[in-house]
Amino acid sequence: MTEHEAPVGGVDDVDEVTRAVLTASRLLVAISARSLAAVEERVTLPQFRMLVVLSMRGATKLVVLADQLQVAPSTAMRMVDRLIAGGLADRQTNPGNRRETQLQLTEEGRRAVETVMGLRRAELATIVERLAPKQRAALIEALTAFNEAGGEPVVPAPDDDPQSPLGWVDTTVSGDA
């Protein structure tokens, strides 16, 4: 048996770990939903995802935005139209190619993303503070291994990358924005 196949304490713990991760994901979804409540009268969850992508990428072409969100360009256009009507995003001509239009956050849209992410970070910090230092260290180790196994890049510290509020790293070629 390899290290990854060896049962802990003679018991196969894959089901137990899976249940623990599902429970944690339920908690994380609840935290996300509570933080989104700060803007939910104005923004749906898919629209908020779009705001976050725009926050990460800056001015972006519609086709790139649709690809990032894995939606059809027509769906992305309807979402953009609603965000523009709400004062959270706007269109402008690409200075490098006047035939192209780019989408970007307005200052109000940027504040909405910052508000939601600040609430989310604060609630997570409150929960983490309840853990003993050894539990925090174990959680860091376990979540780091879990994220690596899932191929998720590490979230930069807030001071390191203020343009990435969710910690998502843009893995697309930036030349298409």
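Entry 1, a serine. I began with serine 35, which counts as buried because its relative accessibility is 3%, where buried means under 20% relative accessible area, exposed over 50% and partly exposed in between (1.4 Å probe, protein chains only). I placed serine 35 in helix H1 (residues 14-36), with helices (H or I, at least four residues) and strands (E, at least two) taken as DSSP runs numbered from the N terminus.

Basis of the entries. The model is a predicted one, in which local features need pLDDT of at least 70 and side-chain atom pairs count only at pLDDT 80 or more, while totals for chains, interfaces and linings use all residues. Residues are numbered from 1 along each chain as its sequence is written, and side-chain values use heavy atoms, with hydrogens and water left out.

Apart from neighbours within four places in sequence, I found serine 35 in contact with Val116, Leu119 and Arg120, contact meaning heavy atoms within 4.5 Å. The side chains of serine 35 and arginine 120 are joined by a polar contact of 3.0 Å (a pair of N or O atoms within 3.5 Å; within protein, one must be able to donate a hydrogen and the other to accept it, and residues adjacent in sequence count only if both atoms are side-chain atoms).

I then turned to arginine 57, which lies in helix H2 and is buried, with a relative accessible area of 13%.

I looked up how helix H2 (residues 45-57) meets helix H4 (residues 73-85), and their axes come within 10 Å and cross at roughly 85° (axes are lines fitted to C-alpha atoms, for helices over the stretch in contact, with angles from 0 to 180 degrees between N-to-C directions). H2 is therefore roughly perpendicular to H4, the term covering 65 to 115 degrees, with under 35 roughly parallel, over 145 roughly antiparallel and the rest oblique. Pro46, Gln47, Met50 and Leu51 of H2 meet Ala76, Met79, Val80, Arg82 and Leu83 of H4.

I noted six helices and two strands in the protein chain, and buried residues make up 24% of its 177 residues.
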